[in-house]
Amino acid sequence: RKLFLKENYLYLADWYSGLHIYDITFPYKLIHLTNIHTPGSPKGIYVQDNIAYVGDDDHGLEIMDVKNPLASRIISNVATQGLAYIVQVVGNYVYVADHRGGVSIIDVKNPARPELLSRFETKGLAWGIAVKGNYALVAADKGGLLVVDVVNPRKPMLVSSYPAVINAEDVFVKDNFAYVASYYTGLHIIDIQNPLRPRAVGLLKTP
């Protein structure tokens, strides 16, 4: 369901068979290095400092040591209240789009002993998440795009939303724009230069 690229490696979160790691030094000849089976169904993946963070559906967040791909292993787990989907890591924090469980924020300063800091309930199912500065942008299904202040990770607060993005499923942020994928209306481009007042600047309807 999700890919993550880091240096010469490609990490693949596969819904049915766990986390796969490929050597892509030569892109025209991928080398499959390993497959780490997880107890759930991986939906999201993010890698930082040789640690892989996997959104493992109803089994929460799986944290893996992937320093040596051939000896990769799960080192800890955080049970989340919903279904862990897309994950993003910023500094010592993991932000999890937790589907029916909203958003979970986890302290991973020590990846072997993660701490669940807070949960933020969303009006719709939290499918996707992207963090920019002090704000988390959440693709929340029928709730549209939500802008959550996460400056205090123990007390996230909703500060604005753009509900016109019906059935928001994923979000990607670059510069001052949020690109939101809706499985109902297509691709929305939203100006978030002022996170308190997001505004639409483009819409590409897809078939």
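Q: Which strand gives the largest share of the lining of the largest pocket?
A: That is β17, with four residues. Strands here are DSSP E runs of at least two residues, numbered from the N terminus. This is a predicted model, with local features needing pLDDT of at least 70, side-chain atom pairs pLDDT 80 or more, and totals for chains, interfaces and linings using all residues. Numbering starts from 1 along each chain, and side-chain values use heavy atoms, without hydrogens or water.

Q: What volume does the largest pocket have?
A: About 330 Å³, counted as the space filled by probe spheres on the grid points. A pocket is an open set of points on a 1 Å grid where a 1.4 Å probe fits, with protein on both sides within 12 Å along at least five of seven lines; lining residues have an atom within 4 Å of a point.

Q: Which residues are closest to its centre?
A: Of the 16 lining residues, they are Lys 2, Tyr 46, Gln 88, Ile 129 and Phe 172.

Q: And which strands supply at least two residues each?
A: β1 (2-6), β5 (44-48), β9 (87-90), β13 (128-132) and β17 (168-174) do.

Q: New topic: what is the phi of Asn 50?
A: Near 65°, a positive value in a non-glycine residue. Asn 50 lies in the loop between β5 and β6 (51-55).

Q: What about Asn 167?
A: Asn 167 also isn't a glycine, and its phi is positive, about 60°. You'll find Asn 167 in the loop between β16 (157-162) and β17.

Q: Is Asn 167 buried or exposed?
A: Buried, at 9% relative accessible area, where buried means under 20%, exposed over 50% and partly exposed in between (1.4 Å probe, protein chains only). Asn 50 is partly exposed, at 36%.
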